[in-house]
Amino acid sequence: MKYVRGFFAFWYDFIVGDAWEVAAGVVAALVFIGVLIHSNQDLAEVLGFVFVAAVVGIVGISLWRE
Amino acid sequence: MSGIFLLTASFFASSVEMVEALTIILATGITRGWRSAFIGAAAGAAVLGVIILVLGATITTFVPLDALRVVIGGFLLIFGLQWLRKAILRYAGLKALHDEDRIYQAEVQELAKVSPSGAGLIDWVGFTVAFKGVLLEGLEVAFIVITFGSSASDDSVAGFSGIGLATVGAVLALIIVAIAGLVLHRPLAKVPENTMKCGVGLILTAFGTFWAGEGIGIDWVLEDVTILVLLGLYAVLSWAAVTALRRRTLVGATA
């Protein structure tokens, strides 16, 4: 059990690191925007701007929390 | 175009991590003997090579391109943002800069406390510390080489493309850092680690945004040129963030 916990702790630390909100925010943005595009293909161009704004917003919030 | 960025990102990311690994190898070599340090480091590098080879081949062979772009692009974006975020915090003075000299002294003191282990050829403490140092520091490089390389598989530089090209960047960095370490025989404290980390973070974030976006179906208006625009935008915003955070820290200190 100790090794399993250690294994997951290592990968969590490796990918998520000390800013979980960045990883969670990126995944949420990808899922949300992906669903929107698949429900309406006409939005495929506009949502590019929304995605970039979301990425900038996620890092901005994460930095401001420091 | 992405071939050059792939080579650059891989080279600088590898350089940063190898400078950190070199500090550990030097400390191990001086305190526990060079034979154990070199064998440990070589074993760590060999394991990294196998990870890149096996994982890289598996990903590019069995995962469909669209799924690859969204998953790998997403990982690349998260990874790039973590590097960029740390670099911004270091520039703003909210996180300590890496001090290779201090890390080296601490490592030497720590290793000198432990009595020699293993009769004869190999000191196992030295071997383990060098092995773990190279493996753990290099894992981020392996991750970048695999994710970046498998997504940018089309463009080639000097006959190399994809994961092969990213590996060339990593090997070049290994050679240069190893030569510098052999010549100087002390930690490379003067390498601008934070600037290099910031540059790599920007490249990974721009490409990660582009590929992950393509993977979920975004039509980038400027097509491939979008990557350059994203690079510029993220660079300007990072600079603005550093300035704003520095100002906030100054105001907080004087209040």
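In chain B, 84% of the contacts with a separation of 6 or more are between residues 24 or more positions apart; two residues are in contact if their C-beta atoms, placed from the backbone, lie within 7 Å. This is a predicted model, in which local features need pLDDT of at least 70 and side-chain atom pairs count only at pLDDT 80 or more, while totals for chains, interfaces and linings use all residues. Residues are numbered from 1 along each chain as its sequence is written, and chains are lettered from A and ligands numbered from 1 in the order in which they are written.

Overall fold
- Chain B has eight helices and two strands (DSSP runs numbered from the N terminus: helices H or I, at least four residues; strands E, at least two).
- The order along the sequence is α-α-α-α-α-β-β-α-α-α.
- The C-alpha trace spans about 65 × 60 × 25 Å along its principal axes.

Helix H6(B)
- H6(B) covers residues 162–184, and its 23 residues reach 33 Å from first C-alpha to last.
- Its buried residues include Leu165(B), Val168(B), Leu174(B) and Val177(B) (buried: 20 or more other C-beta atoms within 10 Å of the residue's own, C-beta atoms being placed from the backbone).
- His185(B), with a positive phi near 60 degrees, follows H6(B).

Packing of H5(B) on H6(B)
- H5(B), residues 124–151, packs with H6(B) at about 145 degrees, the axes 7 Å apart (axes are lines fitted to C-alpha atoms, for helices over the stretch in contact; angles run from 0 to 180 degrees between N-to-C directions).
- Residues of H5(B) including Val141(B) and Phe148(B) meet residues of H6(B), among them Ile163(B) and Ala170(B).

Note on methods:
Expected span 1.5 Å × (residues − 1). Buried ≥ 20, exposed ≤ 12 C-beta atoms within 10 Å, placed from the backbone.
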